[in-house]
Amino acid sequence: MKNILIIEDEKAIAELERDYLESYGFTVHIEGRGDIGLQKALDGGYDLIILDVMLPKMDGFEICRQIRQSTNIPVLMVTAKKEDIDKIRGLGLGADDYMTKPFSPSELVARVKAHLARYERLTANNNERGEHIRIRGLFIDKLSRRVMIHEKEAMLTSKEYELVLLLASHPNRVFEKEELFERIWGLESNGDAATVTVHIRRLREKIEHDPSKPQYIETIWGVGYRFKV
Ligand code: CA
């Protein structure tokens with residue numbers, strides 16, 4: 001039984017979504033206020049979140065940003081305004097998908113199922129003891145600190161390894177360059193965010209088939225990087 005949280009202030013829409021999802025066996029909770037919705041999402045216990053953009057107290061953009069700081073569960077954003085789509089993409093909020101209203105309930109159910117299945121595959125691939133991570137062609141063995149790309153070892157420096165490990169451990173989460181620098185280089189170095197840029201470039205040369213079209217580490221312009229799922 002999967003639990004879905006709908007954060008939506010238009011009651012009729014929320015109830016339509018709920019009724020449809022319930023008829024497919026999902027358990028659904030509705031919250032109409034943005035700030036309370038965020039709190040519920042952060043409290044956990046949900047497998048997927050359907051998130052409206054325009055909400056009282058706190059908008060969907062901010063909610064999505066804050067959810068992504070602590071969890072990778074699928075977030076489907078819903079909006080009545082087509083202009084919001086560019087913003088959802090451009091801000092690098094980490095939303096997994098988006099739909100514009102009005103949409104058909106069957107379309108919603110199809111997407112919910114697809115994202116739940118994808119997320120399950122992702123978490124199942126990362127074994128229980130967390131000794132390794134496999135995301136598509138990339139394999140990280142934490143015990144030996146080795147990284148394989150399509151079964152061939154990528155010879156990474158210690159910092160490159162730590163970078164890819166941190167990003168791949170939180171797929172879809174956007175990291176600001178400053179945060180990456182702080183977490184990996186810490187106080188031991190005088191560098192800055194530019195250090196991160198240089199290391200990401202070298203890392204891509206080692207793990208990406210075409211570093212100019214990265215399949216793993218995506219640049220979120222003006223913000224930082226994320227590991228694509
Ligand atoms: Ca709304």
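Which residues have the most contacts inside the largest nonpolar core? Here are my notes.

1. First, some ground rules. This is a predicted model, where local features need pLDDT of at least 70, side-chain atom pairs count only at pLDDT 80 or more, and totals for chains, interfaces and linings use all residues. Residues are numbered from 1 along each chain as its sequence is written, and side-chain values use heavy atoms, with hydrogens and water left out.

2. Back to the question: L138, I140, I207, I217 and F227 have the most contacts inside the largest nonpolar core, which has 28 residues. (A nonpolar core is a set of buried Ala, Val, Leu, Ile, Met, Phe, Trp, Tyr and Cys residues joined through side-chain atoms within 4.5 Å.) Among the elements giving two or more residues to this core are β7 (138-141), α8 (193-207) and β12 (224-227). Helix α6 gives the most, with 7 residues. (Helices are DSSP runs of H or I, at least four residues, and strands are runs of E, at least two, numbered from the N terminus.)

3. Beyond neighbours within four places in sequence, L138 is in contact (heavy atoms within 4.5 Å) with residues including V147, V164, I207 and F227. There's also a second, separate core of 20 residues, which includes A41 and I63.

4. Now the calcium ion: D9 (OD), D52 (OD) and M54 (O) coordinate it at 2.1 to 2.3 Å. (Donors are N, O and S atoms within 2.8 Å of the metal, or 3.2 Å for Na, K and Ca; water is not among the atoms, so sites may look incomplete.)

5. D9 sits in the loop between β1 (3-7) and α1 (11-23) and D52 in strand β3 (residues 48-52), so the pair ties together parts 43 residues apart in sequence. D9 is partly exposed, at 37% relative accessible area, whereas D52 is buried at 4%. (Buried means under 20% relative accessible area, exposed over 50%, partly exposed in between, with a 1.4 Å probe and protein chains only.)
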